[in-house]
Amino acid sequence: MFNVKAYSAAGATSPLASTTIPRRDATEHDVQIEILFCGICHSDLHTVRNEWSSIMPTVYPCVPGHEIVGRVTKVGSAVTKFKPGDLAGVGCLVDSDHTCPNCRDGLEQLCPNQTLTFNSPDKHLGGVTYGGYSESIVVDEHFVLRVPSNLNLAGVAPLLCAGITTYSPIRRWGDIKGKKVGVVGLGGLGHMGVKFAQAFGAHVVVFTTSAHKKEDALRLGAHEVIISTNTEEMQKHAGTFDFILDTIAADHDINAYINMLGRDGNITLVGAPEKPLAVSAFALLFGRRSLSGSIIGGIAETQEMLDFCGTHNITADVEVIPIQKVNEAYERLVKSDVKYRFSIDMASLKSE
Ligand code: NAP
Ligand code: ZN
């Protein structure tokens, strides 16, 4: 075991502050990674503030961060995929049981015995797992991703969660080429959804509450932008969408978006608001529409997504911040004031 610098929250209303945490010594299957950048996902904020207390209560101190990119510093004797000096990524998962039907199908994100990167029981050290707002992390090589060498690393980090969370449902929907696809909410997930939907040839429409994001949405690859607070604009598009990805992090009227779907259209929720959403049965019945959910993606699909990003030069649009600005960044995230992902330069932790 060794200690590393990190940022943690002591409670739901405490700011994140400098601390030290233990990491395990690399076992034979482990990869030790020096963390270079870590994205700030809205899930970090939900967890730090214990907003998901009824589903997964937060254990404090909490070290969030599951959009990790870094450099390998050490590997165990049985590791074959990595060597010291390689770039590596870690997303939301650091372990699963490898034996359940989901794991056997490469869907580790659905394993009932998965270990999340933070706030999950830590099988090695006891307590809970600690995430990427830290100097380094030690992870079983199965859950470590290869990072294309041609991409900007600050913009790669968010691919490990925001990227795969939007890539996976878009791929699962099928061939979206020429289809009318909506992305609701232009934040970290939403802006990646726009990039992927555009890359796969869809007619992409962004729904946003922030009129000032319109030009960015078009630059990111959207063909049209709807200001969702404008009823008239919404009405014009009612019943016309094939597929909608809802990334909203807060309470909202989902029926307004279900009504945008055409016959057999699907809306997939990836956003995880604190409170349950009220769904109108009639909104689904008329039009035979469906509502589903999706959570990150499996390890093989995450690698596929990273390789796709390498080939197509796709990264997140990031605002790079030092770790000392993390509390300010959280306040801005609550106000939807981020273009379009904060990425923490972990070199800033060295001065703590
Ligand atoms: P984010 O960067 O804060 O973006 C969320 C966007 O939602 C905002 O930028 C805003 O877009 C819109 N929004 C916020 N409050 C709203 C409100 N009251 N009404 C309507 N729109 C609102 O968050 P994120 O990191 O993309 O995460 C989004 C959600 O996905 C979070 O709940 C997060 O926990 C969840 N998540 C789920 C998974 C998964 O596997 N399913 C993975 C990662 C994250 P506009 O300004 O454009 O309106
Ligand atoms: Zn996330």
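This is a predicted model: local features need pLDDT of at least 70, side-chain atom pairs count only at pLDDT 80 or more; totals for chains, interfaces and linings use all residues.
How many residues of the shell around ligand 1 are nonpolar, how many polar and how many charged?

**First stop: ligand 1**

Select ligand 1 and display the residues around it. There are 30 of them, and Thr-208, Thr-209, Ser-210, Lys-213 and Arg-341 come nearest. The opening question can now be answered: the shell divides into 13 nonpolar, 14 polar and three charged residues.

Next, select Ser-210, His-46 and Val-270 together with the ligand. A polar side-chain atom of Ser-210 is placed 2.5 Å from an oxygen atom of ligand 1. For His-46, a polar side-chain atom lies 2.8 Å from an oxygen atom of the ligand. Val-270 makes its approach through the backbone: one of its N or O atoms there is 2.9 Å from a nitrogen atom of ligand 1. Taken alone, the ligand exposes 920 Å², and the protein buries 90% of that area.

Now colour the model by element. Helix 1 (42-48) and helix 5 (188-199) are the elements that give two or more residues to the shell around ligand 1. Helix 1 provides the largest share, with three residues. Domain 1 (2-161 + 297-351) and domain 2 (163-293) each supply at least three residues to the shell around ligand 1.

**Second stop: the cavity**

Hide the ligand and turn to the protein alone. Rolling a probe the size of a water molecule over the atoms shows where empty space is left. A search of the whole structure finds one cavity of 30 Å³ or more. The largest cavity has a volume of about 60 Å³.

To find the place, select Gly-91, Cys-92, Leu-93, Leu-145, Leu-160, Ile-164, Ile-296, Gly-297, Ile-299 and Thr-302, which line the largest cavity. Which classes of residue make up this lining? Seven are nonpolar and three are polar, while no charged residue takes part.

Select Arg-24, Asp-122, His-124, Thr-129 and Val-138, which lie nearest the centre of the second largest pocket among its 22 lining residues. The pocket holds about 330 Å³ of space. Strand 2 (16-23), strand 6 (93-95) and strand 8 (136-140) are the elements that give two or more residues to its lining. The largest share, three residues, belongs to strand 8. By class, the lining of the second largest pocket divides into seven nonpolar, eight polar and seven charged residues.

- Select Tyr-60 and Pro-61. A cis peptide bond joins them, with omega about 0°. Pro-61 sits in the loop between helix 1 and strand 4 (68-75).
- Select Lys-339 and Tyr-340. The peptide bond between these residues is also cis, and omega is about -15°. Tyr-340 belongs to the loop between helix 11 (326-334) and strand 17 (341-345).
- Select Asn-119, in the loop between strand 7 (115-116) and strand 8. Its phi is near 65°, a positive value in a residue other than glycine.

Two of these stops lead back to earlier ones.

Note on methods:
Residues are numbered from 1 along each chain as its sequence is written. Chains are lettered from A and ligands numbered from 1 in the order in which they are written. Side-chain values use heavy atoms; hydrogens and water are left out. A residue is near a molecule or strand if one of its heavy atoms lies within 4 Å of it. A polar contact is a pair of N or O atoms within 3.5 Å; within protein, one must be able to donate a hydrogen and the other to accept it, and residues adjacent in sequence count only if both atoms are side-chain atoms. Accessible areas come from the Shrake-Rupley method with a 1.4 Å probe; for residues, only the protein chains shown count as cover. Helices (H or I, at least four residues) and strands (E, at least two) are DSSP runs, numbered from the N terminus. Ala, Val, Leu, Ile, Met, Phe, Trp, Tyr, Cys and Pro count as nonpolar, Asp, Glu, Lys and Arg as charged, and the others, Gly among them, as polar. Domain bounds come from an automatic or database domain assignment. On a 1 Å grid over the protein atoms alone, a cavity is a set of points where a 1.4 Å probe fits but cannot get out, and a pocket is an open set with protein on both sides within 12 Å along at least five of seven lines; lining residues have an atom within 4 Å of a point. Grid points are joined across faces, edges and corners, and a volume is the space filled by probe spheres set on the points.
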